[in-house]
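Trainee: I would like a close look at one part of this model, and at how that part sits in the whole. Please take it step by step.

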2 protein chains.
Amino acid sequence: MKIENDQNVEQQNVEMEGAAGCRVRLLLGEKKGAPNFAMRQFEVAPGGHTPKHKHPYEHEIYVLEGAGVAVEGDVEHPIGPGDVLLVTPDEVHQFKNPGESVLRFLCLIPNDAAQKSVTVVPECGLDQ
Amino acid sequence: MKIENDQNVEQQNVEMEGAAGCRVRLLLGEKKGAPNFAMRQFEVAPGGHTPKHKHPYEHEIYVLEGAGVAVEGDVEHPIGPGDVLLVTPDEVHQFKNPGESVLRFLCLIPNDAAQKSVTVVPECGLDQ
């Protein structure tokens, strides 16, 4: 059994194309002995956003803190604490923080996601 | 994309042998379209506990609320909000709530866990 508080896990800037004001903690994953899936914790600063993109693997998300927006294609959904999201494979998605405090959520992916490609989607939409 | 608040997900009593004062919400899983792993949210009432058992699949756990105890074999570890736990396959484990408020945590398992067997361990220890 491994036990670690999230605050003791190093926080890294998310350097992916299309990300702004995002940091991540790799809470659990293959390198920490997790056999099948990885648990990451993201923080999006006020005004920040994750990349708008798609990929052939799912996200399972649990919102811990803050008031954000989940972008599904061109549709925006408000999200907040206790919200549970499933982003299915190949769905275009993005998470934004239009609020005044940090948006913090867990986002889990299968371990084999690292071997799969990510397609960035222009902010103005798929067809432009 | 599916979005649902945890409070809107039905809460069920945990009827497993060895469980006391435990309820669960099945937030995400195969029936809700999750391809690989399932997210459940457990609540353990004050004085309650999960079964002491082992099984050939992992748990990835994130503690949301409360003050609990994670039992690893015969060793007890205090746990609280923000703690991240990995229970590896075939580890004997249990979660107890000796506190005065609810212990609430996310616990994720692979989808194929339903096809695998669980071995209950007597409370007095493996050898007795």
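Read along the sequence, which pattern does chain A follow? And then the part itself: how many residues of β6(A) are buried, and in which sense does β6(A) pair with β9(A)?

Mentor: This is a predicted model, in which local features need pLDDT of at least 70 and side-chain atom pairs count only at pLDDT 80 or more, while totals for chains, interfaces and linings use all residues. Residues are numbered from 1 along each chain as its sequence is written, and chains are lettered from A and ligands numbered from 1 in the order in which they are written.

Take the pattern to begin with. Along its sequence, chain A reads β-β-β-β-β-β-β-β-β-β-β-β. That makes twelve strands and zero helices; strands (E, at least two residues) and helices (H or I, at least four) are DSSP runs numbered from the N terminus. Chain A has a radius of gyration (taken over C-alpha atoms) of 14 Å, close to the 14 Å that the globule rule gives for 128 residues, so chain A is as compact as a globular protein of that length. That rule is 2.2 Å times the number of residues to the power 0.38. The C-alpha trace of chain A spans about 50 × 35 × 25 Å along its principal axes. Of the 128 residues in chain A, 37% are buried. Buried means that 20 or more other C-beta atoms lie within 10 Å of a residue's own, exposed means 12 or fewer, and partly exposed is in between, with C-beta atoms placed from the backbone.

Now to your part. In β6(A), six of the seven residues are buried, so the strand is largely enclosed by the rest of the structure. β6(A) pairs with β9(A) in the antiparallel sense, over four bridges; two strands pair if DSSP finds at least two bridges between them. In that pairing, Ile61(A) stands opposite Leu85(A). β6(A) also pairs with β11(A), again antiparallel, over five bridges. There the bridge partner of Val63(A) is Phe105(A).

Between those two residues in sequence comes Tyr62. Tyr62(A) and Tyr62(B) touch the most other members of the largest nonpolar core, which has 58 residues. Such a core is a set of buried Ala, Val, Leu, Ile, Met, Phe, Trp, Tyr and Cys residues joined through C-beta atoms within 7 Å. Leaving out residues up to four places away in sequence, Tyr62(A) touches Val84(A), Phe105(A), Leu106(A), Met39(B) and Leu106(B). Two residues are in contact if their C-beta atoms, placed from the backbone, lie within 7 Å.

Gln41(A) lies in β4 of chain A and counts as buried because it has 23 C-beta neighbours inside 10 Å. Gln41(A) is 20 residues from Ile61(A) in sequence, and their C-alpha atoms are 9.4 Å apart in space. Among the residues that Gln41(A) touches are Val24(A), Leu27(A) and Leu106(A).

In total, 36 residues of chain A are in contact with 36 residues of chain B. β9(A) gives the largest share of that side of chain A, five residues. By class, the side holds 19 nonpolar, eight polar and nine charged residues. Here Ala, Val, Leu, Ile, Met, Phe, Trp, Tyr, Cys and Pro count as nonpolar, Asp, Glu, Lys and Arg as charged, and the others, Gly among them, as polar.

β9(A), the partner of your strand, is also joined by four bridges to β1 (residues 2–5) of chain B, and the two run antiparallel. Leu85(A) has Ile3(B) as its bridge partner in β1(B).

Last, the two copies. Chain A can be laid on chain B with an RMSD of 0.0 Å by a turn of 180° and a shift of 0.0 Å along the axis. The two copies are thus related as by a two-fold rotation axis. The superposition is by least squares on the C-alpha atoms of residues with pLDDT of at least 70 in both. The same surface serves both copies, since 100% of the contact residues of chain A recur in chain B. Phe37(A) comes closest to the axis among the residues of chain A, its C-alpha at 3.8 Å.
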